[in-house]
Structure formats: C-alpha cells, structure tokens
Amino acid sequence: MEDGFSSYSSLYDTSSLLQFCNDDSASATSSMEVTDRIASLEQRVQMQEDEIQLLKSALADVVRRLNQSEEQQAMGSRRGPTKARPMIATLPLRPTVNNGTVLPKKGSSTLPSPSGPGSRKDASPATNKSTVRRANSNEHVGTLSRKDSGDSKGNRTRAGSTGSNSSSKRSDSKQRDPVFNAEEGFVKMFLKGRPITMFMPKDQVDSYSLEARGELPSNKLKLDWVYGYRGRDCRSNLYLLPTGETVYFIASVVVLFNVDEQLQRHYTGHTDDIKCLAVHPDKITIATGQVAGTSSDGKQLAPHVRVWDSVSLNTLHVLGTGFFDRALVCLAFSKSNGGNTLCIVDDSNDHVLSVWDWQREERLAEAKCSNESVFAADFHPTDSNIVVTCGKSHLYFWTLEKGMLVKKQGLFEKQEKPKFVLCVTFAENGDAITGDSSGNILVWGKGTNRISRVIQGAHEGSIFTVCMLRNGTLVSGGKDRRLISWDSSYQQIQTVEVLEFFGPIRTIAEGRGETVLIGTTKNFVLQGSLDGEFMPITQGHTDELWGLAVHPWKPQFLTCGYDRQVCLWDSCTHQLIWTKTLEDTAQSAGFHPSGAVVSVGTQTGRWLVLDTDSKDLVTVHTDGNEQLSVMRYGPDGNFLAIGSHDNYIYIYAVAENGRKYSRVGKCSGHSSFITHLDWSVDSQYLVSNSGDYEILYWIPSVCKQVVSVETTRDIEWFTHTCTLGFQVFGLWPEGSDGTDINAACRSNDKSLLVTGDDFGKVHLFSYPCSQFRAPSHVYRGHSSHVTNVSFLHDDSYLVSTGGKDMSVLQWRIV
C-alpha cells in the first residue's frame, strides 16, 4: 500500500504544494496590486483544495484495492490470471445504480433510463425551460442512422455512421411464424416473407416440438478487455487519474486502464457512441457525453451526459435527456467552485452552450454558441462564471450573469484571424492560451478578449492540443507530430517528434512524474517523456473493421479492416504481436489448422497468405474482382474455401502446411453473394449461406452441389458460423429482415452460440438454438453494427469486432 501512496506523491508534488501554501510572501505589506493578491489567494485556496482531493483519491483507491483483494480471496483459485478488475461495492454519497439508470431522489419524480422512449423532463421548470430557439436540424439527423443495404443485396458491407448502433429497418408487418413438418422432418421459417426450409437430423424428428421453449445459457459474458482508442475525431479524451488509471473511451465504453498492473475496468452505462469526456477536480467524478441513436425496436435514444463515480463505476446523474440535439461535443467541469458546475456544448446547428448545476440536475443558463463547429470549451481556473469556447472562425469569452450567458468575441486585431481555433488552456496567472490551424499559439490577457502574446509559427500546420503542466510548462502538439514544451516566458524548451506510424498528436495529458500521455489521430495512446521516446500503451484500427480469425491452438486472434492493417493480438497479455499494412482494404481472414499461416481476403478479389510467426508474405492469389467475405480452411487443412461477393465459392487444394495452393474450381449455384461457410468434421462437405437466404451444400473436392436431403441432414459440422440452419434458426429476432445478424459462432464445446447484430449487441444463446425466438443474454459495448464474433480455441474468451466503431472487445466466459 505504501507503493500506492508513493505513486500519488509522484503524481502531485505535495511537499512543494504545502511549501507554497505556507509561504507568507504575499502578505498585506507586499507591493502587489489588490487584484493580484486576490488572485494569489485564490490560487492558494485552490491548491489546498487539490491537496484535500488528492487525499480523497488516495482513500478511494485504498477502498478499491481492499475490495479487490477480498473478492479475489473469495473467488479462490481460478484457471489463469484474472485480467479484469472486479466491480467495487462502495457506499455512494448519492443514490445510484451500478453502470445504469440513476435512482430517483426522495421527493422527486422518477428518472427514466436514457434508453427509454420519450424525453425526460428536467427537474426545475423555472431554470430548465429552454430559452434558446434552435435552428431546424432535421436535414442532419439522417447522418446518425446506419443506412440499410436496402435493395443493394450484393453489398453486405453496410455504410453508416458510428453515431448509431441501429437502424429503423424492422418490418412493421407481422412476421410469419415457422412451420414444423413432422412427416418430412423440417422446419420452415420466413425472412422478409421468403420461406427457408431447414431439415433436422433424423434422430430429432420424433422428439422435436416447435412450441417448446428454449432455455437461457447458464454461462454469461463479462467484458474483459477493450482494444482501441477513439482519437481520430475526438478531442480532450485522455486523462490520468490519481489511482494510476488512464481513462479514455471507444465505442460506448469508457476504459480505465492501469498500465502498471495491466488491468482494465469499464464503465458501460452508455447506449451509443461516446464523444466527449471530462474529469472533475476531485479526480473521482467523471462526465461523459454520447450521441443520439435508435434502439433495435426503432425508438429514438436521446443524446445525454452521464456523471459517474470512477471508483464504484456507479452512475450518479443523467443530464439533458430531451434537451440536447444530435450529440455532445464538449464537456468541462468548473475548477474554482469545487467543480459544482458543468459546461456542455451539443452538436445542434446552433451548437448550444449550456451550464449546469450537475448535482441538482438543473440547467443554469444556455446560449447559441456558433453555427460553425465548436472544438473546445473550458471554465476559467479561478472564476467559475467565465467559460471560453473556440472552434471554426471563432473564440468566445462567456460570462454567466443572472442566469444569462453574455458573450465577448476574441479580437484578433492585427493578428491574422485563423480559420480554426482548435484548442484552449490556461496559464497560472489566468491568461487563456489557444492553438490554431495556422500553427500559432496566442496568449489572451486575463479578463480581456485581446491578444497579449503571439508565438508565430509554433508548429508547422494545425495545433490540435495545448496542455499546461503542473510545473508551469506549456506543452503543445499537432499535425506535424511534434510535441513542443515552452517555459513561462513562452520560450521553446525542447521538441520531440513522434513516429509517422503513430500519426498526428490529437490530445496531451500529464502523467506521473515526468511522464506525458499522448492520444493520436491514428488511435494510439502513447506514453513517454518530453526528452525521451514514446511507446504505445493502447492501439487499435482506424477504419471499419470486419475480419476476425482465431488461432487454432494458441491464445491469439487476428483482426483486419478497411484501414488495410492486419493485426495479430495476444489475448492473455493483450499486446499486439505484429501488424502488417496491405495494399488493399481487408474484409476477412482464416487460420490454417496448423496455425502456421493465415489467409486474408480483401475487397478487390485478391487474397494473401501470411506466415503467422514472421508476418512474411507466403503467396498471393486473385479470384474475381469483388470482396471476399469468408476465408475458411477445412479441418484437415487440405482445402481452402473462399466465399465471394460474385456469388461463387472458390476451392483451393492446400499443401506444405498451408504454403502451397492450387485451384480446384469454383462452386456455382448461389444467386446472391456468399455470407457464411462451414466445413464438416471429416472435411468432405461444405455448407454455405448467401445474401438471399439460401442454404446450399457442396462436395468441395469436386465443386459439386449436394441436393440429397438424406445426405446432408445428419452431417456433423466442425464449426457453425452460418446464421441459417436448423441448429441456429432460433437466433433470429422477431421482425428481422434477414440482415440484422452479421455473424454467429458456436463454442468449441458445442454448448453456446453467440451472435453479433446490427444494433451493437452481442447475444449469447444456448446451443443448439433450434426453438423459435430463443432467449439470450444481451451485452452492449459496441456502438456500431457488430461485424464478427468468435470463441478462442479453448472457449476461455469471446472476441467481437465493431464496424464503424473500430473497436475489438474481449469477453470472458463466466
């Protein structure tokens, strides 16, 4: 425990802090001006409050560690190390529900969950009545809904915004129920009115009943690890807590990552994409804002802000349901009044700025901020009535007076006005400091809207972030990938350039001691020092993600996507083993049974084979010119089946442990694109699904279709990734149009079935799943369509990939 407290003292130099607080140099006999004396006293009070909050944080971490230790002892010995922290049960100061809906306060009306229909009326009608008349934003709402593939059946790859995990494509007409034919032994189900006949094994015909109810699986999933970080299009979303945890987000999950202990915890209270994050001065309370979305039943999910406890992961308050429009883009807690107020900017046409008493859930004031994009908003460090916002073609200084926000525009005067003011922070003396798209750092005098200092050409290109360190050093970073530090006189101290592979610097956060954290536009989180090298502690994909393959006998899995990156991950250490850049966007992948090689299918018809250990290219082939949706080796490793969007299944004979390929032919018979493939246990048969809901069977060695029901009904399948078939038809929800389920996977022990759907959900079913509308455990975390799911070779973990949200989630089977 002593190590824990030493880490806090390195994070905040408490000795120098106390020395400063006891310094009497700013006495009444000083020649300082009265205003300067007041500012100095304010700074002392603030630093003393910081010291108190530091002790609170240390105590909170002690409680968390004690709970963790007690739970680990209670759990006893388990197979393998536990990689996720347990949920901590603390005594909250406010009524809460873990990771979910806020419980109502006494004497107040019940607050519905943000995922519920309708709008939550704010508590105080006097203060919360909107005084801002918003511009009509209907023309932009559509960007938040993922587009349905519609009549473009040939394109399984769905376009859409990561700003929604669903679409309103569910059919309004009642779906026809399945029909069981006992004489011939088949079940006929209907998707979009189309009949799909599925023959069952002979030994199940007599005992089968369509009316029987499926059972929930005894196992459940627990989110174990989140791979990825959202730095590509979000700002100010990386912080270090006094507990040693780095906090950031991706998809609809906030990650609290302790790098030293290699442990993650997760806040999963959100229902859709998180776009902004703020940490309270107490370093315990956190606020996060999400976008609007649509639930699986077509109901609108309102954008809102959730305030939560980072120790217990309990939701404390939900703000603005029914008030905000589209999404939240900026969040900041006040500094000088104990963090009692929260400023929020939404993504409506007018980018409305609002100030809230978040503990009372009351809106204190609101104003139209700008018709243009807003990139940052922050409170003045010593005056909680002053807010600064910046964005495209503007810098505004706002003063909160009698329930109104009064705006003063920053005057650039002789300085050329930049196209974008991208970031803002504050100096110790209260000056505001901005970075802009012209590469200049501008200093604005405290209490004024005029420039007092210019650092011309501080960077080559846009400055995305400025950060004031505790020791008074200013650090800036931007498009030129340079991290530049400046002293209190704004003289350059030193420059560090991060590698081009990591991308431009999006955000900077102060770490322990001399450590600095960087978030980049290529979704890396880097850790290093101002005079040293930066190494990644978190990384992920930067474009839509579809390909997923698990190693046949190691705890490893491979992902690939439209960023042309192929990544091999270790599920135990959560580290990236290697990454390789391709010439084409990747769509699918599959390991050879030996594990020696892995094949990757692209969107151009080209497919590659890579050596698993060295990532060297083994061979390249091309089949057609459309995307290859499935790469599947036979269990004996002698054949490779490739499902293409050109409606063909290409068959290759494989030799030399996956290093030599010769084309056998192609299976022709589908009238739409291939979606899923599975091999029989003896590698003699192949089953395929297509975009028009066909189920066809093949003898791949001769590329012939098998039409005999008696031959195919009792085949034992090595894997079950097909979403159509008797053993899995219960996975389809009511009202489905046949494209809702993107992926399915049966566990290797044949007891569980998991699916990933278009609504960001992972469903866990019992296997076989052959009862209509089978029940399932449902898990959220993704904020876009779940494109792929797969169990690891030993069923210890499940891996799921998000499409537009670019996340990879690892779930533990419990």
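Q: Between which two strands does the loop with Glu413 lie?
A: The model is predicted, so local features need a pLDDT of at least 70 and side-chain atom pairs count only at pLDDT 80 or more, whereas totals for chains, interfaces and linings use all residues. Residues are numbered from 1 along each chain as its sequence is written, and side-chain values use heavy atoms, with hydrogens and water left out. Strands (E, at least two residues) and helices (H or I, at least four) are DSSP runs numbered from the N terminus. On that numbering, the loop that holds Glu413 lies between strand 23 (404–409) and strand 24 (421–426).

Q: Is Glu413 buried or exposed?
A: Most residues other than glycine have a negative phi. Glu413, although not a glycine, has a positive phi of about 50 degrees. Relative accessible area, taken with a 1.4 Å probe on protein chains only, sets the class: buried is under 20%, exposed is over 50%, and partly exposed is in between. With a relative accessibility of 52%, Glu413 therefore counts as exposed.

Q: What is the relative accessibility of Arg773?
A: Arg773 is found in the loop between strand 54 and strand 55, and its phi, near 55 degrees, is positive in a residue other than glycine. Arg773 counts as partly exposed because its relative accessibility is 32%.

Q: How many of the residues of strand 41 are buried?
A: In a regular strand the side chains alternate between the two faces of the sheet. In strand 41, Val597, Ser599 and Gly601 point one way while Val598, Val600 and Thr602 point the other way, and all are buried. Strand 41 (residues 597–602) is largely enclosed by the rest of the structure because its buried residues number 6 of the 6.

Q: Which residue of strand 41 is the bridge partner of Gly590?
A: Two strands pair if DSSP finds at least two bridges between them, and strand 40 (residues 586–591) pairs with strand 41 in the antiparallel sense over 5 bridges. The two form a hairpin with 5 residues between them, and Gly595 in its turn has a positive phi of about 80 degrees. Within strand 41, the partner of Gly590 is Ser599.

Q: What separation do the C-alpha atoms of Tyr633 and Trp679 have?
A: Tyr633 is found in strand 44 and is buried, with a relative accessible area of 7%. Leaving out residues up to four places away in sequence, Tyr633 touches (heavy atoms within 4.5 Å) a set of residues that includes Gly590, Val597, Ser599 and Trp679. Tyr633 and Trp679 are 46 residues apart along the chain, and their C-alpha atoms are separated by 7.9 Å.

Q: What share of the protein's residues is buried?
A: The protein has 7 helices and 58 strands. Of its 814 residues, the buried ones make up 59%.
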